[in-house]
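Welcome! Please take a look at the sequence and the model below, and keep both at hand while you work.

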Amino acid sequence: MTDEPDAFRKGLSFAVRIGVELVASLIVGGGLGYWADTYFGTTPVLISIGLFLGMSAGLLNVYRTVSRL
Amino acid sequence: MESNPLHPFELHPYGTLSLFGIDISLNKAVVMMWVVIALASWLLYRAGRERRLIPTRLQSLAELLVEFIKGMILDTMGEKGLRFFPFIATLFLFILFCNLLGLIPGSYTVTSQIVVTAAFALFVYAMSLVVGFALHGFRFLGILVPGGTPVLLLPLMVPIEIVSQLARPLSLAVRLFANMTAGHTILAVLFGMALSLPLWIGWAPFVFTIAINGLEVMIAVIQAYIFTILTCVYLGDAINLHGHAEGAH
């Protein structure tokens, strides 16, 4: 774990992953909320919950990836 | 000279071809995938044909590659993951060759089409689900409950976990597609600048294209690596429920 190329590889893969990880959860959460809203006709409620869930999921993913390092 | 930097990503079928009403016309991407498959299998076949004790250059390269992929699997999935070695190695080689061959001018980067990356990502994710349910049955749903969650938090944590699970194939597909598309678009823009500017300043973007091309080679390798290691991680989550892989961290 301490040898140089391995640490470099891990750090690099970490850096490249994080950004998309955050945004993808947000998109999925928002998308699910939006779809459910148009389906049930409760427009502002479910998308807000969905976006909140998406943000939390994104942050949680990032936190997990960091603590896995 | 083409003014639209997104022009290289457009696909035009070579004539029309259909089988039982399904459109199977050939285009550059399809041909490029065949080239990738042919080249990768030919190289590895050449490398593994004669197993010498003192390896040839190609053979030692192939051995390095195999050791690298094996190390990746052991790191993320543990011993039990080794049965997925052929799948992981195929995936890695295919994406790597697609990315690298796409850098040759005039060829086509298959992985810059989101259809291709999404197909890969969905397949990988579906496979991890199938493996999880096959190994653990309905206990696999426990993946939605992170370890040590208080019961009061369950109504909050389970939806969050569902969203983060569903985000996996999306992030897998978008990452590879976006990186390849962005790199090639930058190259196209810089080349366009180099061609349309007068020579006394046009050399600057041209020099940049050379530097960016070097960067693109690195990105091609890294993105293939990331895609593969995330596949390993997802499959590993399915195999070792709650991450009790021996040797994993």
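This is a predicted model: local features need pLDDT of at least 70, side-chain atom pairs count only at pLDDT 80 or more; totals for chains, interfaces and linings use all residues.

Residues are numbered from 1 along each chain as its sequence is written, and chains are lettered from A and ligands numbered from 1 in the order in which they are written.

**Exercise 1. Describe the make-up of each chain.**

Solution. Start with the helices (DSSP runs of H or I, at least four residues) and strands (DSSP runs of E, at least two residues), numbered from the N terminus.
- Chain B has six helices and two strands, in the order β-β-α-α-α-α-α-α along the sequence.
- Chain A has two helices and zero strands.

Next, look at burial, where a residue is buried if 20 or more other C-beta atoms, placed from the backbone, lie within 10 Å of its own C-beta, exposed if 12 or fewer, and partly exposed in between.
- In chain B, 28% of the 249 residues count as buried.
- In chain A, the buried share is 26% of 69 residues.

Finally, the C-alpha atoms of chain B fill a box of roughly 70 × 55 × 50 Å along the principal axes.

**Exercise 2. Work out how chain A and chain B touch.**

Solution. Two residues are in contact if their C-beta atoms, placed from the backbone, lie within 7 Å.
- Chain B gives 15 residues to the contact and chain A gives 18 residues.
- On the chain B side, helix 5 (154-196) and helix 6 (199-239) each supply at least two residues.
- Helix 5 of chain B brings the largest share, ten residues.
- Sorted by class, this side of chain B holds eleven nonpolar, three polar and one charged residues. Here Ala, Val, Leu, Ile, Met, Phe, Trp, Tyr, Cys and Pro count as nonpolar, Asp, Glu, Lys and Arg as charged, and the others, Gly among them, as polar.

**Exercise 3. Explain why helix 3 and helix 6 of chain B are called roughly antiparallel.**

Solution. Two packed helices are described by the angle between their axes and the distance between the axes.
- Helix 3 (residues 85-101) and helix 6 of chain B pack at about 155°, with axes 8 Å apart.
- Because of that angle, helix 3 of chain B is roughly antiparallel to helix 6 of chain B; the term applies to angles over 145 degrees.
- Residues that meet here include B:Phe92 and B:Leu96 in helix 3 and B:Ala224 and B:Phe227 in helix 6 of chain B.
- The residues of this contact divide into eleven nonpolar, four polar and no charged.

**Exercise 4. Find what surrounds the buried residues of helix 3 of chain B.**

Solution. First list some of them, then look for their partners.
- The buried residues of helix 3 of chain B include B:Leu93, B:Phe97 and B:Cys98.
- Its buried residues pack against helix 1 (28-49), helix 2 (57-77), helix 5 and helix 6 of chain B.

Terms used
Axes are lines fitted to C-alpha atoms, for helices over the stretch in contact, and angles run from 0 to 180 degrees between N-to-C directions. Angles under 35 degrees count as roughly parallel, over 145 as roughly antiparallel, 65 to 115 as roughly perpendicular and the rest as oblique.
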